[in-house]
Amino acid sequence: MPRVLLIEDDPSVREGVELGLRRRGHEIRAVATGEAGLAALGDFRPDLVLLDLMLPGMNGVQVCRRIRETSQLPVIMLTARGDDFDVVVGLEAGADDYIVKPARTEVIEARIRAVLRRLAVPAGRGGIESHGALAVDRAGLAVAKAGERLLLAPSELKLLLHLSASPEQVFSRQQLLEHVWEHSYHGDARLVDACVRRLRQKIEDVPGSPRYIQTVRGFGYRFGPLT
C-alpha cells in the first residue's frame, strides 16, 4: 500500500485521517507543521503527500513549492474551503489535486489512488518524439527541453503525454479531467487550467504566447500545431 505523509495542524482532522487510512492498510506518518513535513520526506520517503493549505508558520503553499523544487512527489492539498482563491493558490503552487475538508476516508482513498495511477501511465512505444526543442520519451516517461530533462509533476506529465499523443486535436476541459484526473462526475476545470499554466512555465519559451499547448477559446486545449 502507498506510504502517505499527512501534514495537518488540526488534531481532530489529523487523527481522523490517519486512523482511517491506517485501517485501509496504508503506512502513514502524520505531522503538524510544514517544517516537520519537509524533514520527514527524507527518512520516511512517502509515495504521496496530503498537505493542509492553512498551516501555521510555513504554510501549505510554501511547503508545496519546496517539494516541487526537487521532486515529482504527488501532492494533494487539503483545504477547508473550495473557493477560487484557496484552490487556485494551491494548484498554482504545484498540487496535483485537492480535497475539501471534511472528507470521508473513502473519498481520500479514491483521490490517492487516482493521483498515483498518473505515475503508472502506460509506457508508449520505443523512441523519442521530437516536437521542436521538446523531446518526449513515452517509453521512459521523461520529457526534455533543449536536451535538459524537465521535472514534471505527475498530473503535468500525464497531461502533456495525452495532448502530445494527438497533435492539433482539441480536447475539452471535461475530457482532460476524465482522462488525467479521473473526475468523471464532479470535475473542476480549475485543475486543468492551473496544470496548463504550470506546464507552460516549464516547456514554453514564452508562456504568455504558447507554442506547444494552445488554448482554443470556448473549447479547451490542443498540442500544436508547431509553426
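Author: Strands E6 and E7 form a hairpin. Between them sit 2 residues. Glycine 132 is in the turn, and its phi is positive, about 65°. This is a predicted model, so read that angle as a computed value. E6 covers residues 128–131, and E7 covers residues 134–137. The two strands pair in the antiparallel sense. Their pairing runs over 4 bridges.

Now turn to two aspartates.

Aspartate 52 belongs to strand E3, residues 48–52. Its relative accessibility is 3%. The cut-off for buried is under 20%, so aspartate 52 counts as buried. Leaving out residues up to four places away in sequence, aspartate 52 touches Ile7, Glu8, Asp9, Gly60, Leu78 and Lys101. Asp52 also carries a UniProt annotation, from an unreviewed entry: "modified residue: 4-aspartylphosphate".

Aspartate 96 lies in a loop. Helix H4 (84–92) is on one side of that loop, and strand E5 (97–100) is on the other. Aspartate 96 has a relative accessible area of 1%, so aspartate 96 is buried too. Its contacts, neighbours within four places in sequence aside, include Arg68, Leu73, Pro74 and Val75. Val115, Arg118, Ala153, Pro154 and Ser155 are also among them. Trp181 and Leu191 are in contact with aspartate 96 as well.

Definitions and conventions
Residues numbered from 1 in each chain as written. Predicted model: local features only at pLDDT ≥ 70, side-chain atom pairs only at ≥ 80, totals over all residues. Heavy atoms only, no water. Buried < 20%, exposed > 50% of the residue type's maximum accessible area, 1.4 Å probe, protein only. Contact = heavy atoms within 4.5 Å. UniProt positions renumbered as here; feature names shortened; annotations may be inferred. Pairing = 2+ DSSP bridges.
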